[in-house]
Amino acid sequence: MANHEEQFKKLVSHAKEYGFIFPSSEIYDGLAAVYDYAQYGAELKKNIRDYWWKSMVQMHENIVGIDSGIFMHPTIWKASGHVDAFNDPMIDNKDSKKRYRADVLIEDYCAKLEAKIEKEVEKAARKYGEAFNKEEFVNTNGRVLEYANRIKEISRRMNHDLETNDLADLKKLIEELEIVCPISGSRNWTDIRQFNLMFSTKVGSVSEEANTIYLRPETAQGIFVNFLNVQKTGRMKIPFGIAQTGKAFRNEIVARQFIFRMREFEQMEMQFFCAPGTEMEWFEYWKKERMDWHLSLGMPAGNYRFHDHEKLAHYANAATDIEFNFMFGFKELEGIHSRTDYDLSRHQEFSGKKLQYFDTERNESYVPYVVETSIGLDRMCLAVMSNAYTEEKLEDGSERVVMKIPAKIAPYKVAVLPLVKKDGMPEKAREILHCLQPLFMCQYEEKDTIGRRYRRQDAIGTPFCITVDTDTLSGDTVTVRERDTMAQERISIKEIASYIAEKLK
Ligand code: ATP
């Protein structure tokens with residue numbers, strides 16, 4: 001664990017030092033839980049967003065994309081349940097004065113039990129070698145079963161307390177588990193209170209007339225309230241989807257773990273409208289489709305897992321999270337929810353407007369059912385960066401840090417480097433640069449030795465370096481160096497664009 005924490009710290013400082021992510025308002029000592037994307041981070045984020053948009057909208061004939069406002073009519077948040085129920089249970093430690101989410105304290109406790117199970121498994125795997133059967137072991141080993149049962153029992157009680165809003169019992173659970181504050185080490189807790197996560201502000205210039213409105217805590221409601229507009233103007237037939245990406249805001253009680261939990265973040269959501277009774281089929285379809293999307297980036301399958309919800313929101317009939325193995329353990333990266341007709345029915349009720357679809361095949365009108373996929377763009381950036389960050393010892397004894405970002409979403413695709421800053425090499429390199437710029441994000445660098453320039457490109461994750469040397473001047477060829485293998489190949493200038501395009505496919 002300590003090793004992972006260390007790695008995580010290194011990643012955060014690498015992200016800052018190499019221009020991926022800066023703390024917000026740094027010259028004013030920062031603003032908690034807000035981060036700015038720097039030159040390479042912004043490119044990475046944009047590429048992930050585009051990759052998502054392309055696979056969700058461009059590649060599906062029955063999905064279209066919209067871009068709705070951050071501000072919306074305040075009644076929308078009454079209808080969606082956010083005004084009354086978008087709460088987190090908070091608890092303060094009286095000694096450290098630190099605030100925590102009560103459910104997160106308990107989940108962290110369970111994560112420690114899970115780590116103990118993992119340890120037992122590793123120990124047994126070492127002991128039994130090839131004969132080891134993990135499934136059999138976790139189903140029969142006394143100690144493992146005891147830990148697993150405790151996790152189950154704790155989760156069951158916590159979920160029941162959250163569902164019934166029994167905050168007194170939730171506190172009792174924290175006390176019984178003897179959970180201490182990580183800062184003060186004490187068990188001196190306040191009572192638990194509910195805390196609404198929506199940010200509010202006022203619209204209107206005259207204060208008496210000003211209305212309280214909210215900064216959207218999710219992008220989904222902008223899709224629900226536009227459902228009929230899109231269906232009619234796009235002549236969409238059920239089943240169809242509406243996608244959007246954009247900022248969302250939540251006044252998170254504890255914002256930590258870098259860009260994993262922020263107060264201002266970006267979501268990529270898709271609401272898929274289908275006929276009642278077909279939603280489970282679509283739920284399974286989107287579960288698979290979304291996992292395939294992650295794996296299509298070449299991220300290791302072992303870093304992903306589904307976490308099916310046992311406790312379902314009252315409006316959902318199925319829900320799962322795609323969890324990613326971040327440097328601090330498996331955590332939610334994306335949610336896939338079957339939300340029934342809850343949202344559209346509520347908006348129908350609160351707005352007084354019909355939100356129904358006439359199904360010509362069934363010859364009836366109904367409020368469609370919805371399966372949604374909802375992923376945090378910032379969390380996806382963090383997943384990609386955690387997976388990419390690699391420290392390597394090279395054969396010559398030197399070390400390098402390389403960001404092995406999947407080439408198709410890497411911030412810059414190509415760096416064009418003259419071997420030396422003379423003999424016409426910079427001019428030739430710039431000529432090549434100008435040919436490649438309309439096709440790929442390119443960098444040009446001529447300062448420092450070629451070795452140091454390669455290291456810099458490794459550190460920002462550029463998959464290809466094109467080097468212009470004396471042979472280029474005499475024979476119109478360059479070397480292409482591949483980031484991960486560091487292998488170099490000589491190709492003709494004419495071939496560069498198609499060579500790179502082929503590798504990025
Ligand atoms: P969590 O349990 O981690 O608070 P959630 O279940 O509230 O997340 P959803 O409401 O399902 O999250 O939001 C969908 C996605 O939006 C999440 O899977 C996550 O990737 C992203 N997300 C949610 N809250 C944040 C946040 N504060 N910062 C960054 N991303 C977030």
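This is a predicted model: local features need pLDDT of at least 70, side-chain atom pairs count only at pLDDT 80 or more; totals for chains, interfaces and linings use all residues.
Which residues does the domain assignment of the protein chain give to domain 1, domain 2 and domain 3?

| Domain | Residues |
|---|---|
| domain 1 | 42-74 + 198-390 |
| domain 2 | 87-196 |
| domain 3 | 412-504 |

So much for the layout; now for spacing. Taken over C-alpha atoms, the centres of domain 1 and domain 3 are 40 Å apart.

**A pair of helices**

Two packed helices are described by the angle between their axes and the distance between the axes. Take helix 2, which covers residues 39-58, and helix 13, which covers residues 377-388. They pack with their axes 10 Å apart, at an angle of about 110°. Angles of 65 to 115 degrees count as roughly perpendicular, so helix 2 is roughly perpendicular to helix 13. If you look at how helix 2 passes helix 13, you'll find a right-handed crossing.

Next up is the second largest pocket, with a volume of about 400 Å³. It is lined by 15 residues, and the closest to its centre are Asn47, Asp50, Tyr51, Lys54 and Lys408. What does the lining of this pocket look like by class? There are 7 charged residues, 6 nonpolar ones and 2 polar ones.

Most residues other than glycine have a negative phi, and most peptide bonds are trans. Two spots in this model are worth checking against that.

Start with Ala33, in the loop between strand 1 (21-23) and strand 2 (35-37). Ala33 isn't a glycine, yet its phi is positive, at about 65°.

Then move along to Pro239, which sits in the loop between helix 10 (227-233) and strand 9 (240-249). The peptide bond joining Ile238 and Pro239 is cis, with an omega of about 5°.

Key: Residues are numbered from 1 along each chain as its sequence is written. Side-chain values use heavy atoms; hydrogens and water are left out. On a 1 Å grid over the protein atoms alone, a cavity is a set of points where a 1.4 Å probe fits but cannot get out, and a pocket is an open set with protein on both sides within 12 Å along at least five of seven lines; lining residues have an atom within 4 Å of a point. Grid points are joined across faces, edges and corners, and a volume is the space filled by probe spheres set on the points. Ala, Val, Leu, Ile, Met, Phe, Trp, Tyr, Cys and Pro count as nonpolar, Asp, Glu, Lys and Arg as charged, and the others, Gly among them, as polar. Domain bounds come from an automatic or database domain assignment. Axes are lines fitted to C-alpha atoms, for helices over the stretch in contact, and angles run from 0 to 180 degrees between N-to-C directions. Helices (H or I, at least four residues) and strands (E, at least two) are DSSP runs, numbered from the N terminus. Angles under 35 degrees count as roughly parallel, over 145 as roughly antiparallel, 65 to 115 as roughly perpendicular and the rest as oblique. A crossing is left-handed if the near helix is turned anticlockwise from the far one by less than a right angle, and right-handed if clockwise.
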